[in-house]
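The report below goes through selected packing and pairing features, chain by chain. Please keep the sequence and the coordinates at hand while reading.

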Amino acid sequence: MNFPENLKYTKDHEWISLEGNVATIGITEFAQHELGDIVYVDISSNGKALAAEDVFGTVEAVKTVSDLFLPAAGTITEVNPALEANPELVNSDPYGQGWMIKMTVDNPADIDGLMDAAAYTALVS
Amino acid sequence: MKNTPFTEKHKALGAKMAEFAGYNMPISYSGINDEHASVRNNAGVFDVSHMGEFIVKGPQALELLQRITTNDVSKLTPGKAQYSCFPNNDGGIVDDLLVYCLEDNNSYMLVVNASNIEKDWNWIQSFNTNSVEMHNISDKTCLLAIQGPNATKILQPLTQVDILNLKYYTFEKGTFAGVDNVLISATGYTGSGGVEIYFEDKDGAADKVWDAIFSAGAAQGIKPVGLGARDTLRLEMGFCLYGNDIDDTTSPIEAGLGWITKFTKDFNSKEIFEKQKSDGADKKLVGFEMVEKGIARQGYEIKDFEGAAIGRVTSGTQSPTLGKAIGMGYVDKQFAAIDSEIFVSIRNTLLKAKVVKMPFA
């Protein structure tokens, strides 16, 4: 499985790409594979300020539903509009077109403290 | 956790495996939507060897089965099968099952849910006062379901049994892929046609049959299908799943299974069901589709427009065929009519749904 070196990872199987204080967040290849065919990404927290570990949305696969947890405190600024019509992008391109939200992070150092690709690979293998 | 004779095949195919009813079972291979489409449009193979099989035989077998099941077993002749259920004594359902008539009035095979094998066995025994002979052949019996519009065409070269013309809910025994005494049954849980085949796992029969099916279907693109797609396929047809849509507390009348409940004979809970049928049951199992975006899941509450509880979701999924969210659930009888507006509580939000006819697809 592919876990890009330039990303950070959480134990909830999300990836984070940080530029300045703007983080882009999605779920990992491991997560999409475990969930199977994703049919609906339900995120209604756009514009909200949330704490780390708060649920910012849910992802529905054919068989299961799973919560999405915010990796760090901050404000959600954008939800990937492409997922409304094509939630399967999360399966086919989890690190690219399947991204889920962008957020401004209150404290960018919070992201530095997350797992790197090697640590995440160890977690899921 | 038990394995089936096909577990190594599933692993070699890269299946996602999980425990189901005490068995290590394949949940999906290529993905639920892909497997689902394969059965609807072509052909797919399910290992459902976890299911339970009992042989019930002897001169008093019919009398015993008539007492403990709702459908009329006396209508069966050798080579015919019927869907039925075991009612408990309180108007609920112990399990649903298939009854196969092997010999007239004398020998039957019951096919029950894997999760209920022990419960069913004990239940039947508690009514077996005439010492009817019973054998639990679950552990040595392989069961493969080959389903889909092209299934029988693919399988026909493997057997002399005329499976292309085998009528729904009939069966024949014959040689299949060189294995003797295979029971080939025109039944299934998908609504897409095909057969289910039962045979004993001995002398490498399991491998032989599995390999023959996949090589016969290779050109046609036959695929292995897991329990995930088995669930979406049966739900699109409105088929009940024990433990979800029917259980010890629901009656066949409430569940829309009046058609397998025959009041021309005596059986457990008959009087309760007769009363429900004549007076109308207080709750009814209905099919619904989501009008507002969301996916209903088992256990979610169903409410009216004012937010008052009127029922509960028993099964729900995104329908791969229709591309919309569908479900089944029990609702108070005044909400059971087609087109009734109901609301499903999904993560504390009431989302609109409407009652629709089943099958869904």
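## A loop residue of chain B

Leaving aside residues up to four places away in sequence, Asp266(B) touches Gln66(B) and Arg67(B), where contact means heavy atoms within 4.5 Å. Asp266(B) and Arg67(B) lie 199 residues apart in sequence, yet their C-alpha atoms are 6.1 Å apart in space. Asp266(B) itself is placed in the loop between H7 and helix H8 (270-279) of chain B; helices (H or I, at least four residues) and strands (E, at least two) are DSSP runs numbered from the N terminus.

## Basis of the values

This is a predicted model, in which local features need pLDDT of at least 70 and side-chain atom pairs count only at pLDDT 80 or more, while totals for chains, interfaces and linings use all residues. Side-chain values use heavy atoms, with hydrogens and water left out, residues are numbered from 1 along each chain as its sequence is written, and chains are lettered from A and ligands numbered from 1 in the order in which they are written.

## Helices H2 and H7 of chain B

The axes of helix H2 (residues 32-41) and helix H7 (residues 227-237) of chain B come within 8 Å and cross at roughly 55°, the axes being lines fitted to C-alpha atoms, for helices over the stretch in contact, with angles from 0 to 180 degrees between N-to-C directions. That angle makes H2(B) oblique to H7(B), since angles under 35 degrees count as roughly parallel, over 145 as roughly antiparallel, 65 to 115 as roughly perpendicular and the rest as oblique.

On the H2(B) side the contact is made by Ile32(B), Glu35(B), His36(B), Val39(B) and Arg40(B), and on the H7(B) side by Gly228(B), Ala229(B), Thr232(B), Leu233(B), Glu236(B) and Met237(B).

## The barrel of chain B

In chain B, 6 strands form a closed barrel in the order E14-E17-E16-E15-E18-E19, with antiparallel pairing; two strands pair if DSSP finds at least two bridges between them. The twist from one strand to the next averages 45°.

Strand E16 (residues 309-318) and strand E17 (residues 325-332) of chain B run antiparallel and are joined by 7 bridges, and Arg312(B) stands opposite Tyr330(B) in E17(B). H7(B) packs on the sheet, where it touches E16 and E17 of chain B, and its direction makes about 125° with that of E16(B).

## The open sheet of chain A

In chain A, 3 strands form an open sheet in the order E4-E6-E7, with antiparallel pairing. Strands E4 (38-42) and E7 (65-69) of chain A stand at the edges, each with a single partner strand, so one side of each is left without a neighbour in the sheet.

E4(A) is joined by 4 bridges to the antiparallel strand E6 (residues 55-61) of chain A, and the bridge partner of Tyr40(A) in E6(A) is Glu60(A).
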